[in-house]
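Here is a short report on one chain. Sequence and structure come first, then the notes.

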Amino acid sequence: MRKYATRQRAALLQHLQEHADEALSACQIADALAQAGISKSAVYRNLSVLEAEGLIGRSAKSGSKTILYRYLGAETCRDHLHLSCSKCGKTYHMDVSATNLLVDSVAKGSDFAVDSASTVLYGVCGNCRDKEQP
């Protein structure tokens, strides 16, 4: 199948790059791009293409059936595990040394190679924890 560099794909990619620290649902992305005249079907179609090209990754929202998309094309994503806050949705990059320690430990303990760029660990970030405390 031939791939075309379309205005819709460029706008979608730019939006994901601008929100590289977030995991966004297709609806959130479509709503953000609606003002630019990009249809929901174009968003879904292009998300599939970008995922196949390895530029974005998908994960399920913790405790939900919602699929979230995250930009992986940034240089900073390649060697980091991702930490995602289940309260605010923000995505953080785990420190490289901590990532390496965890990945190496898993590899040695279970003979399993972790794909760091597409692995997401869920929890609650410090900002959200601070808001919860009285």
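Leu-24 has a relative accessibility of 7%, so this residue counts as buried; the cut-off for that class is under 20%. The model is a predicted one. Leu-24 belongs to strand β1. Ser-25 is part of that strand too, which spans residues 24-25. Ser-25 also counts as buried, because its relative accessibility is 11%.

| Residue | Relative accessibility | Contacts beyond four places in sequence |
|---|---|---|
| Leu-24 | 7% | His-15, Leu-16, His-19, Ile-29, Ile-67, Leu-68, Tyr-69 |
| Ser-25 | 11% | Thr-66, Ile-67, Leu-68 |

Ile-67 and Leu-68 are among the residues that touch Leu-24. Ile-67 and Leu-68 are also in contact with Ser-25. Leu-24 reaches Ile-29 as well, and Ile-29 sits in helix α2. Lys-90 is 66 residues from Leu-24 along the chain, and the two C-alpha atoms are 9.4 Å apart.

**Helices α2 and α3**

Helix α2 covers residues 26-33 and helix α3 residues 40-52. Their axes come within 9 Å. The crossing angle is roughly 125°, and the two helices are therefore oblique to each other. The crossing of α2 with α3 is right-handed.

Which residues of α2 and α3 meet? From α2 come Ala-26, Cys-27, Ile-29, Ala-30 and Leu-33. From α3 come Lys-40, Val-43, Tyr-44 and Leu-47. By class, the residues of this contact are 8 nonpolar and 1 charged, with no polar ones.

**The sheet**

An open sheet is built from 3 strands. Their order is β5-β4-β6, and the pairing is mixed. From one strand to the next, the twist averages 30°.

Strand β4 takes in residues 82-85. The pairing of β4 with β5 is antiparallel and has 3 bridges. Leu-83 faces Tyr-92, a residue of β5, from the opposite position.

Note on methods
Residues are numbered from 1 along each chain as its sequence is written. This is a predicted model: local features need pLDDT of at least 70, side-chain atom pairs count only at pLDDT 80 or more; totals for chains, interfaces and linings use all residues. Side-chain values use heavy atoms; hydrogens and water are left out. Helices (H or I, at least four residues) and strands (E, at least two) are DSSP runs, numbered from the N terminus. Buried means under 20% relative accessible area, exposed over 50%, partly exposed in between (1.4 Å probe, protein chains only). Contact means heavy atoms within 4.5 Å. Two strands pair if DSSP finds at least two bridges between them. Axes are lines fitted to C-alpha atoms, for helices over the stretch in contact, and angles run from 0 to 180 degrees between N-to-C directions. Angles under 35 degrees count as roughly parallel, over 145 as roughly antiparallel, 65 to 115 as roughly perpendicular and the rest as oblique. A crossing is left-handed if the near helix is turned anticlockwise from the far one by less than a right angle, and right-handed if clockwise. Ala, Val, Leu, Ile, Met, Phe, Trp, Tyr, Cys and Pro count as nonpolar, Asp, Glu, Lys and Arg as charged, and the others, Gly among them, as polar.
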